[in-house]
Amino acid sequence: MDKYTVTGMTCAACQARVEKAVGSVPGVTSCAVSLLTNSMGVEGSVDPKAIIAAVEKAGYGASLKTADPAAAAPGTDDLKDTETPVIRKRLIWSVVFLLILMYFSMGHMMWGWPLPAFFNDNHVAMGIVQLLLAAIVMVINQKFFISGFRGLIHRSPNMDTLVALGAAASFGWSVYILFAMTGAQVRGDHEAVMGFMHEFYFESAAMILTLITVGKMLESMSKGRTTDALKSLMKLAPKTAVLVREGKEVTVPIDQVRAGDIFVVRPGENIPVDGFVLEGVSAVNEAALTGESIPVDKEEGSPVSAATINTSGFLKCQASRVGNDTTLSQIIQMVSDAAATKAPIARIADKVSGIFVPVVIAIAAVTILVWLLVGQTPGYALARGISVLVISCPCALGLATPVAIMVGNGMGAKNGILFKNSAVMEETGRTQIVALDKTGTITRGEPEVTDIIPLDGTTDEELLIFAASCEAKSEHPLAKAVTAKAGECGIIPIEVSGFEAVSGNGITCFVDGSRAMAGNLRFVSEGIEIEEKVIRKADELAGNGKTPLYFRKGDRLIGVIAVADMIKEDSAEAISQLKDMGMYVVMLTGDNERTAAAVGRIAGVDEVAAGVLPDGKEAVIRKLMEHGKTAMVGDGINDAPALTKADIGIAIGAGTDVAIDAADIVLMKSRLTDAAAAVRLSRQTLRCIHQNLFWAFFYNVIGIPLAAGCYVAAFGWTLNPMIGAAAMSLSSFCVCMNALRLNFFRMYDPANSRTAKNRITGPLLAEDRGCEPENNTETGGTAMSEIKLNVEGMMCQHCEANVKKGLEAIDGVVSAAADHDKNEVVVQVEKEIPEETFKAVIEEKGYVFKGIA
């Protein structure tokens, strides 16, 4: 996407004109113009010169932001508020001369304020003073006239056109009256002179311009505040880095740091670029990126990110990502890109804005004509027409959506929730179904010890010492969980001898001269009797999704240790919050049905899809999308197809770059409660947009007829042009301030949840488990058949994954789902495969093939 800076836009009508002009250029596939940031994003293969020419032909200015990708990320200068100081200066001088004008035009007449004797009987002189003062205010605010009439010449009238026409009409009519008054005074017609005094609208012309300027300044200030979150992110970027060169520390500007450079960070300093720790131990505050205030421990090999703060120790690091490749720069770019895109809901306002100004000008002309035809004076009719011009506000329509999107995006970024575009921000709140990947999303993704059950007089510590000693030389993930637990408890394993791994069963070795065995029940129980209550307890653990490991010393079973991939602390709460918001929650996993059901029950999901392959996840998402708008939450490479397929893809930030690239939303903190917060924030932002659009439409629907005098006959209501200008000034300001209320929204508070209507009820996958990819024989696909294999030696989910991987590598095997509890593997094949092939693969993996069931 090429980005341009657009100048000269003042309202939503300008935005619509620019979009229309650029959209008509051959080669442009899409164009999104942001009135909020005065920027434009263009997609397509087209020469930038053609884009700039199209914008200039429409009466505006444009320039390509940058052609250098390394400089493409926005900086604080891009968002610096240069408009408000200029408007403030203009406003101050306008108010000064307006007050003097009001003193002459109304102070003397209404409150009897004193005037120089020269003016007492010389009303023409009074009129000339008012003319000069009004003219000065008009010159100060000439921008309205230049922009407005330029738009009229280019047949693209805008808000400034309405203001310019209203002020010019007031001034022009007053000048005409001044000449008429001069003639009456020359004739000595004092009564006519006094009558003309009430026809002056000089103060209206000046007041209209001043009040619109007040509104412009308030709007500019509030618009500036909507980008505060993005500015605060940009300010976090360090300006210098301390590099180690030839053994010496050298401070250099941040843009001179290159990947591979060695840099040091002392306590209290910001980490300048992304990298990893070479030396040192410290705690790093990553709140700038994740919103999490608790420092994260760092040691040798740990990754570090730019703009995070080293809170304690000295760190020596190597740069890996610099410039626009750092995590901070990518976050800034993502938030900026989201602001440059257009939400679907904004299209309604865009369509109205495109024709709004011409329609208002037509209504004003008709209003003047009608009042003249019914016998009113030209002054009265003109006042009604001017009121129509100055009360009409296309700006509120144009700002209704982008200001809310910008504030919502900024709120999300501050809390580690990144929406990639405006459409995602809008659609997330409409989610009806949430599919959650199990491993790494609901669970931690690493097995750990959950239960230690000593037997036959053994203590917990004795069992853990024995188990860690047995498993110390094993590479199995379950063994590593046991040794990790021992390390946490400060236990040092005993040296063993005669270590032997029995693939698919366990290990044997000698500990203190005694033969030791560790592994599954069938393997360890060989030759000894195991009590029924122990077996029941182990079955209970397995029923809760845990894998029991049995430990035997000599002829005695001395204990059982259960290992499982534990559910994250916040997963159950997050799932409960999603359900409370009216969403149907489905868990996707490659585990067997028993393990999956246990995890799903603990997590509290509505439905479980077990034995799902990576391509099967996409098929399940496709099936769920038939029932409603579906979001997919995942963290791994194998989740990328499903994340892309889903209506909304949500990537856990600690996951892979592939998953993050495929997703629409990135959760930097890797907490599932952030998914619920993202939905909450989206719904609140959408509610704010609806409020803004309602106000913008309601204001114009009520205000324009009032200004035109439609309520005179029924209620006697008329609208002074000055009051109309004040109302116009406040309309955009109100829209911006309403959006800024989002800054106070507590997105993590479940009390702020809004339950969606028409909650979906399940089960949704009962008839089609969704565990395998779709197979359509009607369109030329090959019919599949199911084969059940009896396989012994599988102990856990990792064994299942090992068997599954081996079988799926066979030509003709579409999918395989293993279950270590049933000693069974269900294989989907699309052609005939010899039994010997299955046997060879399974035995190669170290398991026992018992034949086809």
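Colleague: What do the buried residues of H2 pack against?
Modeller: The buried residues of H2 pack against strand S1 (2-7), helix H1 (12-23), strand S2 (28-34), S3 and strand S4 (61-64). Packing here is contact, which is heavy atoms within 4.5 Å. Buried is under 20% relative accessible area, exposed over 50%, and partly exposed in between (1.4 Å probe, protein chains only). Helices (H or I, at least four residues) and strands (E, at least two) are DSSP runs, numbered from the N terminus.

Colleague: What should I know about the model itself?
Modeller: This is a predicted model, where local features need pLDDT of at least 70, side-chain atom pairs count only at pLDDT 80 or more, and totals for chains, interfaces and linings use all residues. Residues are numbered from 1 along each chain as its sequence is written, and side-chain values use heavy atoms, with hydrogens and water left out.

Colleague: Which residues of H2 are buried?
Modeller: In helix H2 (residues 48-57), they are Ile51, Ile52, Ala54 and Val55. They line one face of the helix, because they fall within an arc of 160 degrees seen down the axis of H2. The arc is that of the directions from the helix axis to the C-beta atoms.

Colleague: And which exposed residues are on the face turned away?
Modeller: Lys49 and Lys57. Just after H2 comes Gly59, with a positive phi of about 105 degrees.

Colleague: Another helix now. What is buried in H31?
Modeller: Phe838, Val841 and Ile842 are buried in helix H31 (residues 835-844). They are on the same side of H31, because they cover an arc of only 95 degrees around the axis. The face turned away from that buried side carries the exposed residues Glu836 and Glu844.

Colleague: What covers the buried residues of H31?
Modeller: The cover includes strand S27 (785-792), helix H30 (797-808), strand S28 (813-819), strand S29 (824-829) and strand S30 (848-852).

Colleague: Which residue with a positive phi follows H31?
Modeller: Gly846, with phi near 95 degrees.
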